[in-house]
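Take a look at the structure below.

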Amino acid sequence: MNISVFIRGVLVTAEKNMMIYYNKPPVLIFGLLFPMFLFLAFFMGQGIDIHEFFPAFLAMVLFFTSSSVGPLITPWEKQSGTYERLLSFPVTINTIIMGDVLAGAIFGLFISSSVLIAVTLFLDTALKSISLLLVSLLLGTFCFAALGVLIAAPASKTPSNIMMLSSLVRFPLVFISGIFIPLTELSNAGKYLALLSPLTYLVDIFHFSIGGTPSVPQYIDILALSAYTCIFLYVASYFHKKNLSKGL
């Protein structure tokens with residue numbers, strides 16, 4: 001494989017996705033409005049310290065924004081008939097997948113970084129480890145962008161069906177990952193279930209980076225996020241190739 005051609009294909013695909021899908025209503029609704037509404041519904045008026053909750057809120061924002069672009073791209077292009085044209089270009093399916101992942105990761109990184117900077121400046125939030133926070137931001141955005149692309153793998157050209165599937169996957173992860181209920185307050189069964197969620201490790205590493213108390217060592221958080229990213233990419237590649245011509 002020619003690496004320069006692969007990288008160019010990924011960048012061009014990502015640029016195309018950024019220009020077309022960032023302002024689509026499903027991306028704005030599922031990526032921006034949902035985490036805001038969840039925050040307002042569960043924490044406004046409850047007397048919870050925003051400094052204590054901020055790491056979990058930041059992880060939730062990153063999770064929703066990074067995973068909101070990928071589920072829309074493939075079904076939208078199959079519905080509009082542009083997916084066939086994309087496949088006729090001199091790019092592989094892995095190039096297309098990585099371009100979709102990169103577009104989702106950039107969207108999530110931009111929004112979550114903006115939230116982080118704003119809260120840090122206006123609420124005078126202390127950062128315990130800036131380098132670890134930046135590493136976890138990058139890992140988290142690529143991990144959940146890969147999850148979003150995996151969700152788009154079913155052979156469907158109806159965006160609403162894929163977005164519904166996306167909600168069925170993402171909302172349970174939010175409620176079992178230590179965002180609304182800290183891991184220390186979960187039952188033993190709840191803790192074991194939480195450890196199966198990649199979002200749990202992002203929440204945990206954010207807590208440590210922003211001055212909180214982590215539940216597991218930081219190297220485990222990083223290894224878990226890296227492993228989930230590789231798994232999501234591999235499974236997404238497998239199913240996208242398997243369903244390549246379906247739904248066209």
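Leu 40 counts as partly exposed, at 39% relative accessibility. The model is predicted. Leu 40 sits in helix α2, which covers residues 25-43.

Now compare Glu 77. Glu 77 is buried, with a relative accessible area of 4%. The cut-off for buried is under 20%, so Glu 77 falls in that class.

| Residue | Relative accessible area | Class |
|---|---|---|
| Leu 40 | 39% | partly exposed |
| Glu 77 | 4% | buried |

Which residue forms a salt bridge with Glu 77? The partner is Lys 16, and the closest N and O atoms are 2.5 Å apart. Lys 16 belongs to helix α1 and Glu 77 to helix α4, so the pair ties together parts that are 61 residues apart in sequence. Side chains of opposite charge can pair when their charged atoms come close. A search of the whole structure finds 1 salt bridge.

Lys 16 turns up again at the second largest pocket. Lys 16 is among the residues nearest the pocket's centre, with Val 12, Thr 13, Leu 86 and Phe 89. In total, 16 residues line this pocket. Two or more lining residues come from each of α1 (3-21), α4 (70-80) and α5 (83-87). Helix α1 gives the most, with 8 residues. By type, the lining has 9 nonpolar, 3 polar and 4 charged residues. The space inside the second largest pocket is about 320 Å³.

Conventions
Residues are numbered from 1 along each chain as its sequence is written. This is a predicted model: local features need pLDDT of at least 70, side-chain atom pairs count only at pLDDT 80 or more; totals for chains, interfaces and linings use all residues. Side-chain values use heavy atoms; hydrogens and water are left out. On a 1 Å grid over the protein atoms alone, a cavity is a set of points where a 1.4 Å probe fits but cannot get out, and a pocket is an open set with protein on both sides within 12 Å along at least five of seven lines; lining residues have an atom within 4 Å of a point. Grid points are joined across faces, edges and corners, and a volume is the space filled by probe spheres set on the points. Helices (H or I, at least four residues) and strands (E, at least two) are DSSP runs, numbered from the N terminus. Ala, Val, Leu, Ile, Met, Phe, Trp, Tyr, Cys and Pro count as nonpolar, Asp, Glu, Lys and Arg as charged, and the others, Gly among them, as polar. A salt bridge is a side-chain nitrogen of Lys or Arg within 4 Å of a carboxyl oxygen of Asp or Glu. Buried means under 20% relative accessible area, exposed over 50%, partly exposed in between (1.4 Å probe, protein chains only).
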